[in-house]
Amino acid sequence: MFWTFVATVFCGLGAAGIALGIRAITRKKAPKWIIPVFAGAGMLGYLIYMEYTWFDLKQTQLPDEAVVVSTEKYGAPWRPWAYVVPQVTAFTVLDTNSVTRDNPEQNIVRFSLYRFEQSYTDAVSQKMYLLNCDTRELVPLKGEKSLDTSALRTLSEDDQLLELACGQ
(Lines give C-alpha, C1' and ligand atoms only; values in the text may rest on other atoms or scores of the structure.)
Protein backbone atom coordinates (compact mmCIF):
# COMPACT_ATOMS: atom_id res chain seq x y z
CA MET A 1 0.00 0.00 0.00
CA PHE A 2 2.76 2.46 0.90
CA TRP A 3 4.70 1.82 -2.32
CA THR A 4 1.53 2.16 -4.38
CA PHE A 5 0.99 5.57 -2.79
CA VAL A 6 4.60 6.61 -3.50
CA ALA A 7 4.34 5.44 -7.13
CA THR A 8 1.02 7.27 -7.55
CA VAL A 9 2.53 10.52 -6.26
CA PHE A 10 5.51 10.17 -8.60
CA CYS A 11 3.25 9.51 -11.59
CA GLY A 12 1.35 12.66 -10.72
CA LEU A 13 4.59 14.64 -10.43
CA GLY A 14 5.85 13.23 -13.73
CA ALA A 15 2.63 14.12 -15.53
CA ALA A 16 2.70 17.60 -13.98
CA GLY A 17 6.27 17.92 -15.27
CA ILE A 18 5.04 17.12 -18.77
CA ALA A 19 2.44 19.88 -18.41
CA LEU A 20 5.15 22.30 -17.26
CA GLY A 21 7.14 21.32 -20.35
CA ILE A 22 4.13 22.05 -22.55
CA ARG A 23 3.79 25.46 -20.91
CA ALA A 24 7.50 26.13 -21.46
CA ILE A 25 7.34 25.10 -25.14
CA THR A 26 4.30 27.31 -25.75
CA ARG A 27 5.99 30.19 -23.89
CA LYS A 28 3.36 30.04 -21.13
CA LYS A 29 0.46 30.39 -23.59
CA ALA A 30 -0.95 27.06 -22.42
CA PRO A 31 -3.29 27.63 -19.45
CA LYS A 32 -2.00 27.07 -15.91
CA TRP A 33 -4.80 24.66 -15.11
CA ILE A 34 -3.26 21.95 -17.31
CA ILE A 35 -0.65 21.30 -14.59
CA PRO A 36 -3.08 19.92 -11.96
CA VAL A 37 -5.18 18.27 -14.68
CA PHE A 38 -2.13 16.41 -15.97
CA ALA A 39 -1.11 15.49 -12.39
CA GLY A 40 -4.58 14.11 -11.64
CA ALA A 41 -4.78 12.25 -14.95
CA GLY A 42 -1.33 10.74 -14.33
CA MET A 43 -2.30 9.50 -10.87
CA LEU A 44 -5.66 8.19 -12.04
CA GLY A 45 -4.06 6.48 -15.03
CA TYR A 46 -1.52 4.75 -12.80
CA LEU A 47 -4.19 3.53 -10.36
CA ILE A 48 -6.32 2.17 -13.20
CA TYR A 49 -3.28 0.43 -14.65
CA MET A 50 -2.50 -1.16 -11.27
CA GLU A 51 -6.08 -2.35 -10.84
CA TYR A 52 -6.10 -4.05 -14.24
CA THR A 53 -2.65 -5.65 -13.86
CA TRP A 54 -3.22 -6.84 -10.25
CA PHE A 55 -4.43 -10.29 -11.32
CA ASP A 56 -1.50 -10.85 -13.70
CA LEU A 57 0.97 -9.73 -11.03
CA LYS A 58 -0.53 -12.05 -8.40
CA GLN A 59 -0.53 -14.95 -10.87
CA THR A 60 3.20 -14.56 -11.48
CA GLN A 61 3.80 -14.67 -7.71
CA LEU A 62 2.02 -18.02 -7.28
CA PRO A 63 4.05 -21.24 -6.98
CA ASP A 64 3.86 -23.83 -9.79
CA GLU A 65 1.55 -26.13 -7.82
CA ALA A 66 -1.07 -23.37 -7.42
CA VAL A 67 -3.64 -23.32 -10.22
CA VAL A 68 -6.27 -20.61 -10.70
CA VAL A 69 -9.69 -22.30 -10.84
CA SER A 70 -12.02 -19.29 -10.91
CA THR A 71 -12.03 -15.51 -11.24
CA GLU A 72 -14.55 -12.81 -10.36
CA LYS A 73 -15.00 -9.71 -12.49
CA TYR A 74 -17.29 -6.82 -11.76
CA GLY A 75 -17.55 -3.05 -11.86
CA ALA A 76 -18.40 -0.45 -9.27
CA PRO A 77 -20.01 3.00 -9.46
CA TRP A 78 -16.73 4.67 -8.45
CA ARG A 79 -14.98 2.76 -11.29
CA PRO A 80 -17.30 3.39 -14.26
CA TRP A 81 -14.66 2.13 -16.75
CA ALA A 82 -14.93 -1.32 -15.13
CA TYR A 83 -18.48 -1.67 -16.52
CA VAL A 84 -17.05 -1.40 -20.04
CA VAL A 85 -13.97 -3.57 -19.42
CA PRO A 86 -14.50 -5.59 -16.22
CA GLN A 87 -11.45 -6.18 -14.06
CA VAL A 88 -10.59 -9.27 -12.02
CA THR A 89 -11.20 -8.35 -8.39
CA ALA A 90 -10.92 -11.82 -6.84
CA PHE A 91 -9.73 -15.28 -7.79
CA THR A 92 -9.57 -18.74 -6.29
CA VAL A 93 -6.52 -20.99 -6.39
CA LEU A 94 -6.27 -24.76 -5.90
CA ASP A 95 -3.15 -26.01 -4.16
CA THR A 96 -2.56 -29.19 -6.19
CA ASN A 97 -0.09 -30.47 -3.57
CA SER A 98 -2.88 -30.52 -0.99
CA VAL A 99 -5.18 -32.84 -2.99
CA THR A 100 -5.50 -36.13 -1.07
CA ARG A 101 -7.82 -39.12 -1.05
CA ASP A 102 -8.63 -40.15 2.52
CA ASN A 103 -10.21 -43.43 1.47
CA PRO A 104 -8.96 -44.96 -1.82
CA GLU A 105 -12.20 -46.96 -2.21
CA GLN A 106 -14.33 -43.81 -2.30
CA ASN A 107 -13.98 -41.17 -4.98
CA ILE A 108 -13.72 -38.30 -2.47
CA VAL A 109 -10.84 -35.83 -2.37
CA ARG A 110 -9.73 -33.28 0.24
CA PHE A 111 -7.89 -30.11 -0.77
CA SER A 112 -7.15 -26.47 0.05
CA LEU A 113 -8.57 -23.53 -1.85
CA TYR A 114 -7.12 -20.04 -1.46
CA ARG A 115 -9.20 -16.97 -2.27
CA PHE A 116 -7.39 -13.74 -3.16
CA GLU A 117 -9.31 -10.46 -3.09
CA GLN A 118 -8.12 -7.12 -4.38
CA SER A 119 -8.47 -4.37 -1.79
CA TYR A 120 -6.32 -1.68 -0.22
CA THR A 121 -4.47 -4.48 1.53
CA ASP A 122 -4.82 -7.69 -0.47
CA ALA A 123 -6.83 -10.30 1.41
CA VAL A 124 -6.09 -14.03 1.25
CA SER A 125 -8.24 -16.70 2.88
CA GLN A 126 -7.69 -20.46 2.95
CA LYS A 127 -10.28 -23.18 3.41
CA MET A 128 -10.26 -26.97 3.26
CA TYR A 129 -12.88 -28.70 1.10
CA LEU A 130 -14.18 -32.18 0.36
CA LEU A 131 -15.28 -33.03 -3.16
CA ASN A 132 -17.23 -36.12 -4.15
CA CYS A 133 -15.97 -36.73 -7.67
CA ASP A 134 -18.93 -38.98 -8.58
CA THR A 135 -21.73 -36.60 -7.55
CA ARG A 136 -19.67 -33.36 -8.06
CA GLU A 137 -20.70 -32.15 -4.57
CA LEU A 138 -18.31 -29.67 -2.96
CA VAL A 139 -18.52 -28.94 0.75
CA PRO A 140 -16.22 -26.86 2.99
CA LEU A 141 -14.83 -28.31 6.19
CA LYS A 142 -15.35 -26.74 9.61
CA GLY A 143 -12.27 -27.62 11.59
CA GLU A 144 -10.70 -31.03 10.99
CA LYS A 145 -13.65 -33.41 10.57
CA SER A 146 -17.01 -31.60 10.54
CA LEU A 147 -18.68 -30.50 7.31
CA ASP A 148 -20.42 -27.19 6.64
CA THR A 149 -23.40 -28.72 4.83
CA SER A 150 -25.17 -25.35 4.60
CA ALA A 151 -22.51 -24.33 2.04
CA LEU A 152 -22.83 -27.52 -0.04
CA ARG A 153 -22.88 -26.91 -3.79
CA THR A 154 -22.78 -29.01 -6.92
CA LEU A 155 -20.13 -28.24 -9.52
CA SER A 156 -20.88 -28.24 -13.23
CA GLU A 157 -19.49 -31.09 -15.32
CA ASP A 158 -16.97 -28.81 -17.06
CA ASP A 159 -15.75 -27.08 -13.89
CA GLN A 160 -11.96 -26.71 -13.85
CA LEU A 161 -11.82 -27.45 -10.11
CA LEU A 162 -13.53 -30.80 -10.70
CA GLU A 163 -11.09 -31.69 -13.46
CA LEU A 164 -8.00 -30.73 -11.46
CA ALA A 165 -8.98 -32.22 -8.10
CA CYS A 166 -10.49 -35.48 -9.36
CA GLY A 167 -8.13 -36.01 -12.25
CA GLN A 168 -5.14 -36.63 -9.98
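This is a predicted model: local features need pLDDT of at least 70, side-chain atom pairs count only at pLDDT 80 or more; totals for chains, interfaces and linings use all residues.
**Entry 1**

I looked up how open E117 is. E117 has a relative accessible area of 34%, so I logged E117 as partly exposed.

Next I checked R115 against E72. Their side chains also meet in a salt bridge, at 2.5 Å from N to O. R115 sits in strand β3, residues 108-117, and E72 in strand β1, residues 66-74, so this pair ties together parts 43 residues apart in sequence. I noted R115 at 25% relative accessibility, which counts as partly exposed. E72 comes out at 31%, and I put E72 down as partly exposed too.

I then asked which residues the network of salt bridges links. I found E72, R115 and E117 in that network.

**Entry 2: R136 and the total**

I moved on to R136. R136 forms a salt bridge with E157, and the closest N and O atoms are 3.9 Å apart. The cut-off for a salt bridge is 4 Å, so I kept this pair. The pair links distant parts of the chain, 21 residues apart. I placed R136 in the loop between β4 (123-132) and β5 (137-142). I placed E157 in the loop between β7 (153-154) and α4 (160-166).

E157 is exposed at 65%.

I wrote down the total as well: the structure holds five salt bridges.

**Entry 3: R23, a charge without a bridge**

I looked for R23 and found this residue in helix α1, which covers residues 2-25. R23 is buried, yet has no salt bridge. Which side chain of opposite charge is nearest to R23? I found E51, and E51 is 30 Å away.

I then listed what R23 does touch, leaving aside neighbours within four places in sequence. The contacts are K28, K29, A30, P31, K32, I34 and I35.

**Entry 4: aromatic rings**

I turned to the rings. How many aromatic pairs are there? The count comes to five.

I took F2 and W3 to begin with. Their ring centres lie 5.0 Å apart and their planes stand at 75°, so I logged the pair as edge-to-face. I checked both for exposure. F2 is exposed, with a relative accessible area of 54%. W3 is exposed as well, at 65% relative accessibility.

I went on to F111 and Y129. Their ring centres are 6.2 Å apart and their planes lie at 20°, so this pair is stacked. The pair links distant parts of the chain, with F111 in strand β3 and Y129 in strand β4, 18 residues apart. Both F111 and Y129 are buried, whereas F2 is exposed.

Which residues form one aromatic cluster? I found W54, F55, F91 and F116 in that cluster.

**Entry 5: recap on β3**

I went back over strand β3. I have R115 as partly exposed and F111 as buried.

Key: Residues are numbered from 1 along each chain as its sequence is written. Side-chain values use heavy atoms; hydrogens and water are left out. Helices (H or I, at least four residues) and strands (E, at least two) are DSSP runs, numbered from the N terminus. Buried means under 20% relative accessible area, exposed over 50%, partly exposed in between (1.4 Å probe, protein chains only). Lys and Arg count as positive and Asp and Glu as negative; His and the chain ends are not counted. Contact means heavy atoms within 4.5 Å. Rings of Phe, Tyr and Trp (its six-membered ring) pair if their centres lie within 6.5 Å; planes under 30 degrees apart count as stacked, over 60 as edge-to-face and the rest as tilted.
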